[in-house]
Amino acid sequence: QAYWASGRWPSDDGGQLVGSYKQTLNHGITAARKLDNWKELAAWLTCLDGHGIPNDGRSEESKRKEKRDRANEIADAHRKLGQCDKALPWAKLAAELAMQEFPEIKVKYAVTLACVGRFEDAGHEARVAFDMDPAGVRPKLASQFAELKSNGTQPGRGLDALIARFAPTP
């Protein structure tokens, strides 16, 4: 990536080099996924994301989906590493690109917000997800907030309020 940005990238075979480079990144991503190597996965995906989505004739929806899925996967990798602060901008981007669809992405964003102590924002995002799919989202929210509390990453008071708010009704 540094070589590409250096201005010394050859212009005669640049397209072939870019294609090979991106293919290498994709192989690294595949390997990291299969090995559950979250640190490498986050690094490879972030590197690939730095090159943007090519304007190759695909629809805007297709490009948005690729960007959303990549951001969501980067956020997941950082969360699995316990790096909620690094996951937050990616989770936010994925949630924004999900618009009013994909409540599971909104749930992940809400949990990431809670993980960094932003309980009010987490409650708002959780409510957005809940409004999209009350029956499917309620148990996910309650269990993920409870898991976050049991990990001891955040003080219980803010999480207790979120857990109570989304606890399954008897």
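Trainee: Which helices each supply at least two residues of the lining of the largest pocket?

Mentor: This is a predicted model, in which local features need pLDDT of at least 70, side-chain atom pairs count only at pLDDT 80 or more, and totals for chains, interfaces and linings use all residues. Residues are numbered from 1 along each chain as its sequence is written, and side-chain values use heavy atoms, leaving out hydrogens and water. Helices are DSSP runs of H or I with at least four residues, numbered from the N terminus. Those that each give at least two residues to the lining of the largest pocket are α4 (60–80), α6 (103–115) and α8 (134–151).

Trainee: What is the volume of the largest pocket?

Mentor: On a 1 Å grid over the protein atoms alone, a pocket is an open set of points with protein on both sides within 12 Å along at least five of seven lines, and lining residues have an atom within 4 Å of a point. A volume is the space filled by probe spheres, of 1.4 Å, set on the points. For the largest pocket it is about 350 Å³.

Trainee: Of the 14 lining residues, which are the closest to the centre of the largest pocket?

Mentor: By class, the lining holds 4 nonpolar, 5 polar and 5 charged residues. Here Ala, Val, Leu, Ile, Met, Phe, Trp, Tyr, Cys and Pro count as nonpolar, Asp, Glu, Lys and Arg as charged, and the others, Gly among them, as polar. The closest to the centre are R79, V111, Q144, E147 and L148.

Trainee: How are α6 and α8 oriented, roughly parallel or roughly antiparallel?

Mentor: Axes are lines fitted to C-alpha atoms, for helices over the stretch in contact, and angles run from 0 to 180 degrees between N-to-C directions. The axes of α6 and α8 come within 10 Å and cross at roughly 25°. Angles under 35 degrees count as roughly parallel and those over 145 as roughly antiparallel, so α6 and α8 are roughly parallel.

Trainee: Which residues of α8 make the contact with α6?

Mentor: Contact means heavy atoms within 4.5 Å. The contact of α6 with α8 has 10 nonpolar, 1 polar and 2 charged residues. On the α8 side they are V137, K140, L141, Q144, F145 and L148.

Trainee: How are α4 and α5 oriented, roughly parallel or roughly antiparallel?

Mentor: Helix α5 spans residues 84–98, and its axis comes within 8 Å of that of α4, crossing at roughly 155°. That makes the two helices roughly antiparallel.

Trainee: How many nonpolar residues does the contact of α6 with α7 have?

Mentor: Helix α7 (residues 119–132) packs against α6 at about 165°, with the axes 8 Å apart. Among the contact residues are P103 and V107 of α6 and F119 and M132 of α7. The contact has no polar residues and 3 charged ones, and its nonpolar residues number 12.

Terms used. Parallel < 35°, antiparallel > 145°, perpendicular 65-115°, else oblique.
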